[in-house]
Amino acid sequence: MSATIDTVDTELVPGRGGGGPAPTRTVVAYGFWLFIVSDIVMFSGLFAAYAVLSGRIADGPAGSELFDLRRVFIETMCLLLSSYTCGLGALSAERRQPSRFLILSCFTFALGAAFLFIEISEFVGMVSRGAGPSRSAFLSAFFTLVGMHGAHVTAGLLWLTYMVAQVVAKGLRPHVLRRLLCFSLFWHALDIIWIGVITVVYLMGAR
Amino acid sequence: MDGVDHPYDRSPGVEQQESTANFLSYTVGLGFAVLLTIASFVVSQTNLLWAPGIPVGLIVLAFAQIGVHLVFFLHLGSGADHTNNILALGFGLLIVFLVIAGSCWIIADLTANMMPMSGNASH
């Protein structure tokens, strides 16, 4: 065993110059992974703005008066479950089971749409109580950060609709499967950003 | 052995071939994620932790949950075939840390050195 490791270390191993170029699937998913990392860097700017401005409430309402944690918990569960069904959907696509994929995609879409509906009704409620984005620096930062995540979820739902249409029209061909892989990476990455949002904005702000 | 079975680098989200193990991975990941979410809400709403330590506890739970998502949903591993993915993620996390910690540091320093102002202007 140790002998094989020694030879692998001294030779050109695949991925470090040996064995020719990597398969298209690996290259595509790695490129999309780089996009996701840069998207997370973009969100870090919004998180930094929120962290700096969260105390600047300009005598307006603070987070503890505005946030309803029960609602946030339901939102989180919707997003976690939609990530789960998205993962299982990707799995059934890999196994060439289009009908299972379509059913699971419907669940993913419904759970994502439920998340978005709860978030939008929260925004509408806040604006109608006079706590819109122009009320204070805290609320500007809040709407920018949480709204940007919501915009990503909206884009994800549109993308999912488009992918379902492609699977119906073209079937599970290799290039459709590559796009599906990118979509599931995107959808799981939105979960990771949402964990940051609930921790920094809601759980710390509601205290 | 691993190098023979997977001769190329792997990208995130690409699973190995055993599909029952993958189903299990998603299910276990969902279980962990739900447990950690419930733990975060409980910690923030109760006096289970010493009050000044609650933000630290919440951050630790958040990092644990991000780790669960990376491993069980994005299938990120520590093997040699994941070196490129981990390097990209590590660089991203470095930038994230610099932007967030740097902003907080600079603004806290600015606030501390502000001229004292009267009334509620400090808000």
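This report walks through a predicted model, from its confidence to its helix packing and the contact between its chains.

## Ground rules and confidence

Residues are numbered from 1 along each chain as its sequence is written, while chains are lettered from A and ligands numbered from 1 in the order in which they are written. Because the model is predicted, local features need pLDDT of at least 70 and side-chain atom pairs count only at pLDDT 80 or more, whereas totals for chains, interfaces and linings use all residues.

The model scores ipTM 0.83 and pTM 0.86. The pLDDT (the predictor's confidence in each residue, from 0 to 100) averages 88 in chain A, where 91% of the residues score at least 70. Within chain A, helix α1 (residues 2-10) has the lowest confidence, with a mean of 50, and α6(A) the highest, at 95. Helices here are DSSP runs of H or I with at least four residues, strands are E runs of at least two, and both are numbered from the N terminus. Chain B averages a pLDDT of 82, with 81% of the residues at 70 or above.

## Two helix pairs in chain A

Let's start with helix α5 (residues 98-128) and helix α6 (residues 137-170) of chain A, whose axes come within 10 Å and cross at roughly 160°. Axes are lines fitted to C-alpha atoms, for helices over the stretch in contact, and angles run from 0 to 180 degrees between N-to-C directions. α5(A) and α6(A) are therefore roughly antiparallel; angles over 145 degrees count as roughly antiparallel, under 35 as roughly parallel, 65 to 115 as roughly perpendicular and the rest as oblique. Their crossing is left-handed, a term for a near helix turned anticlockwise from the far one by less than a right angle, with right-handed used if clockwise. Residues in contact (C-beta atoms, placed from the backbone, within 7 Å) include A:Phe101, A:Phe109 and A:Leu116 in α5(A), and A:Val153, A:Leu157 and A:Leu160 in α6(A). The residues of this contact divide into 12 nonpolar, six polar and one charged. Here Ala, Val, Leu, Ile, Met, Phe, Trp, Tyr, Cys and Pro count as nonpolar, Asp, Glu, Lys and Arg as charged, and the others, Gly among them, as polar.

Now for a second pair: helix α2 (residues 24-53) and helix α7 (residues 174-205) of chain A pack at an angle of about 20°, with their axes 10 Å apart. That makes α2(A) roughly parallel to α7(A). Their crossing is right-handed, and the contact has 18 nonpolar, two polar and three charged residues.

## Chain B on its own

Chain B has four helices and zero strands, giving the pattern α-α-α-α along the sequence. Of its 123 residues, 26% are buried, meaning that 20 or more other C-beta atoms lie within 10 Å of the residue's own; 12 or fewer makes a residue exposed, and in between it is partly exposed, with C-beta atoms placed from the backbone. Among contacts in chain B with a separation of 6 or more, 65% join residues 24 or more positions apart.

B:Ile59 sits in helix α3 of chain B. With 15 other C-beta atoms within 10 Å, B:Ile59 is partly exposed.

## Where the chains meet

In all, 45 residues of chain B are in contact with 48 residues of chain A. On the chain B side, α2 (19-45), α3 (54-73) and α4 (83-112) each supply at least two residues. That side has 25 nonpolar, 17 polar and three charged residues.

Notes. Contact = placed C-beta atoms within 7 Å.
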